[in-house]
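Student: I am new to this structure. Please show me how to read it.

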Amino acid sequence: MLVPDTERGITEHLLPRSAELTERVAWFIRLRWVAVAGILLAVPAGTRLLGFAEMAAGRILALAACLFALNCAYVLAARLLHNRVRSDGTPDLRTVDLFAKTQIVLDLLILTAILHYSGGVQNPFSFFYIFHVVIASILLSRRSAYAVAALCVALFGSMVLLEELGSLPRYPIAPQTADYSPGYVATVVAATASTLFIAVFMATSIMARLRQKEDELEHAWRAVKQLEATKSRFLRLVSHEMRSPIVAIQSILDAVRVTGGQCLGEKNSEMLTRAGERAESLLHLTKDLLTLSRQQSLDPGHEQLGTVEMLEVTRNCVGLFRAQADERGVVVNEEYPAAAFSVRGDAESLGLVVSNLLSNAIRYTPAGGTVSISWRLDKPFAVLTVADTGIGIPEADMKHMFKEFFRAENARRFTGSGTGLGLAITRNIVERAGGTIAVESRENAGTTFTVTLPVAA
Amino acid sequence: MAKRVLIIDDDPDIVEAERMILESRGYEVDSAADGESGLAKAEKIRPDLIILDVMMATMDQGFQVAYKLKGSPELKKIPVLMATSIGQVTKFKFDPKKDSDFLPVEAFIEKPVKPADLIANVEKLLGT
């Protein structure tokens, strides 16, 4: 049974408004390329296939060229904006807002001009105004969205009015019905205007609900982060405060055992040794807790990262555990690729990944068993496998293996010592380094841990 | 004559434990619970060795005491054994070879101190 580890702490930041807007602006720019292509296709289709002889094809193509040039400028501006971010890594909201508004206004002017040159009130593409109105409702404030709708109506209305009054020439696409009654024209304008305003009303109402939910989510997220930090601090404080008394207990036990000599007797001396060992494992627990809380309180971005030569780290670890394995009658096999490779991360932490997995494998493998540690390169990843022929993990316990303080039932029976924090710590380190960890096991047959880490270039 | 050891540590239980071990080996043991009284006692009794805890009232009080000891013409010859658990708390590890240049102590010992380690270090520093 393979259990990939999917439980994660909340570490991703919510997308700030300005970043969302920037993303949408990029989307805007991509859509505009499509619009330019659409115009370039529509013009010959209109003049050749549909016989719209009177539309001003040349001017429309010139406008398409204009739009193309503008979009190139937007791409450059977006790149410039991207490079000039604020200290927290997000672009300035007001600048991006202004950028988006400029694009909308220029788009509307071009759309109106194209409509004018391709039939004016006759052209059903006047419905394209609604896209800008909806986008403005989503991205900008409610007031700005209504302003965009009003601008659309003003542009369309004045174009139609000027054509109607004869101040602007007509380029009809349906010449046989070139003259509309003023009543019909007014109805078209009214229909367009009401559609646009209703669209703004609906879209902004939905957005307001959405923004409210988003705010609530953000609020809850912050509260969780806060709680997490408090928990870490508490953990750190407790484990720190626990250390001194444990050290004192251990020192006293040792002192009594060593200086008591013969008057203690063998049994008493043995009991003192046992008490000392219990204190020792408690000390390990506080150390693990400190490591864990230190990891949790570290922001992933604030770690000192370097490249770590993993084969060297692994060989050192195996060297450190060799004596323990020999003592327990466990054989350790190693298999490494010929070429050295590195992983981005902190050397001590990555060493902890190898040593935690290795020490578990040795600890839970009875005498006569084998532990195999291997690295294999599967670019862009390096895969560490630590396999043992040990007691295995009961199927019911598999899903809890990476939880803090969890120890499988058979592991508890097998050995009293162990804090249940090693794998939680290991998972944290692996995920911080951008990797994954998985476990595969059969009870009484053995366990295999597989760690996949991205190789540093 | 028995050698005198001064233990400067703010944890009375640790002081007692170390005292038991050292006295069982025939050393004469004095103690002080903070840096200031430790310095005063060192001045008065002129011990043959000082065992100094790093983290007392403040994180680095032990260091301050060590610098003062080595700054005093009368006391600077007394060897200092520094007991520390700072490694577990800050992940900082001492390297006696490198650090002796800026840390004025003769030896380091990790807390919790194992009796055998304590005795070995004390014997080495006192040449007994």
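Tutor: Start with contact: it means heavy atoms within 4.5 Å. Helices (H or I, at least four residues) and strands (E, at least two) are DSSP runs, numbered from the N terminus. This is a predicted model: local features need pLDDT of at least 70, side-chain atom pairs count only at pLDDT 80 or more, and totals for chains, interfaces and linings use all residues. Residues are numbered from 1 along each chain as its sequence is written, chains are lettered from A and ligands numbered from 1 in the order written, and side-chain values use heavy atoms, with hydrogens and water left out.

Student: What do the buried residues of helix 1 of chain A pack against?

Tutor: Buried means under 20% relative accessible area (1.4 Å probe, protein chains only). In helix 1 of chain A, the buried residues include A:Leu21, A:Phe28 and A:Arg32. They pack against helix 2 (57–83), helix 3 (93–117), helix 4 (129–139) and helix 6 (182–260) of chain A.

Student: How many residues has helix 1 of chain A, and how far does it reach?

Tutor: Expected span is 1.5 Å times one less than the number of residues. Helix 1 of chain A, residues 17–49, has 33 residues and reaches 46 Å from first C-alpha to last, close to the expected 48 Å. Just after this helix, A:Gly51 takes a positive phi of about 70°.

Student: Where does helix 8 of chain A bend?

Tutor: A bend is the angle between axes fitted to the seven residues ending at a residue and the seven starting there. Helix 8 of chain A bends by about 40° at A:Phe321. A:Phe321 is also among the buried residues of helix 8.

Conventions
Buried means under 20% relative accessible area, exposed over 50%, partly exposed in between (1.4 Å probe, protein chains only).
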